[in-house]
Amino acid sequence: MCGRFELHSAFEIIAKLFGLSDGAFAVPTGYNIAPGKDIAIIVNEGGKNRLAACRWGFVPSWGKDLKEGYKMINARAETVAEKPSFRQAFSRHRCLVVADGFYEWKNEGGKKRPFYIHRRDGIPFGMAGLYNLWTSPEGVQICTSTIITTDANESLTPVHDRMPVILAPDATGLWLDPSVHEKEKLLPVLKPYPDDEIELYEVSARVNSPKNDSKENIERIKS
């Protein structure tokens, strides 16, 4: 699964990397982004990519409460096209969740050791996601979202068996294209990211608490 990630890059970097048409945007950044928080997503509207803030935790149209989103912070690539909660969004409401890196925990003898995973080149990336504009019982429309996961690549397998789908740059156009609905075209891009393009290392247990939100979270533990 993907239960925590971080984004610290400035809007100008994200805009250039993903070809955004927006003007300046207050990006929801943080070194310890947890479910229930606002995250930065990219959607394609009218042929243009734009950045938006969206709550992490997908709530389907029939959901009664925002709390339901905590059960759907992730969607499995193997079932996302068929599962009733995600099926319509997979066809029509796909997005990129922007990140600089994510965290995963290795369970050893009941103790969990946190690791930080990012691209070797240090460039922010887009994780495959879905969003839904959920309407609350009070009539308020709220953007909710999920991150799609797949099998871990070889580098990450010793830590965890799943990882978020990090889309290759040449796949983001297809994923965001609102005119594409066929799962036969979309599912093949939901695959593990190449081993040689990511780096992971152990970080401080301070990241275990979402209250700790600073650059120290991504600093490597010195052996």
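Tutor: What follows is a conversation about the terms used for this structure and the values behind them.

Tutor: This is a predicted model, in which local features need pLDDT of at least 70 and side-chain atom pairs count only at pLDDT 80 or more, while totals for chains, interfaces and linings use all residues. Residues are numbered from 1 along each chain as its sequence is written, and side-chain values use heavy atoms, with hydrogens and water left out.

Student: What makes up the secondary structure of the protein chain?

Tutor: The protein chain has four helices and twelve strands, where helices (H or I, at least four residues) and strands (E, at least two) are DSSP runs, numbered from the N terminus.

Student: How do you know whether the radius of gyration of the protein chain agrees with that of a compact globule?

Tutor: The radius is taken over C-alpha atoms, and the globule rule is 2.2 Å times the number of residues to the power 0.38. For 223 residues a compact globule would come near 17 Å, and because the protein chain has 17 Å, the two agree. Along the principal axes, the C-alpha atoms fill a box of roughly 50 × 35 × 35 Å.

Student: Where is M72, and what does M72 touch?

Tutor: M72 is in the loop between β4 (48-56) and β5 (74-76). Contact means heavy atoms within 4.5 Å, and, not counting residues up to four places away in sequence, M72 touches G57, F58, P60, S85, F86, S145 and T146. The C-alpha atoms of M72 and S145 are separated by 8.4 Å, although the two residues are 73 residues apart along the chain.

Student: Why is K106 placed in its accessibility class?

Tutor: K106 has 21% relative accessibility, and therefore K106 counts as partly exposed. K106 belongs to strand β7 (residues 101-108), and, leaving aside neighbours within four places in sequence, its contacts are K111, K112, R113, F115, P158 and V159.

Student: What makes D196 count as buried or exposed?

Tutor: The relative accessible area of D196 is 57%, so D196 is exposed. D196 is found in the loop between α4 (183-186) and β12 (198-202), and its C-alpha lies 9.7 Å from that of E154, with the two residues 42 residues apart in sequence.

Student: What is meant by a nonpolar core, and which members of the largest one touch the most others?

Tutor: A nonpolar core is a set of buried Ala, Val, Leu, Ile, Met, Phe, Trp, Tyr and Cys residues joined through side-chain atoms within 4.5 Å. The largest has 61 residues, of which F5, I41, I148, W175 and L190 touch the most other members.

Methods
Buried means under 20% relative accessible area, exposed over 50%, partly exposed in between (1.4 Å probe, protein chains only).
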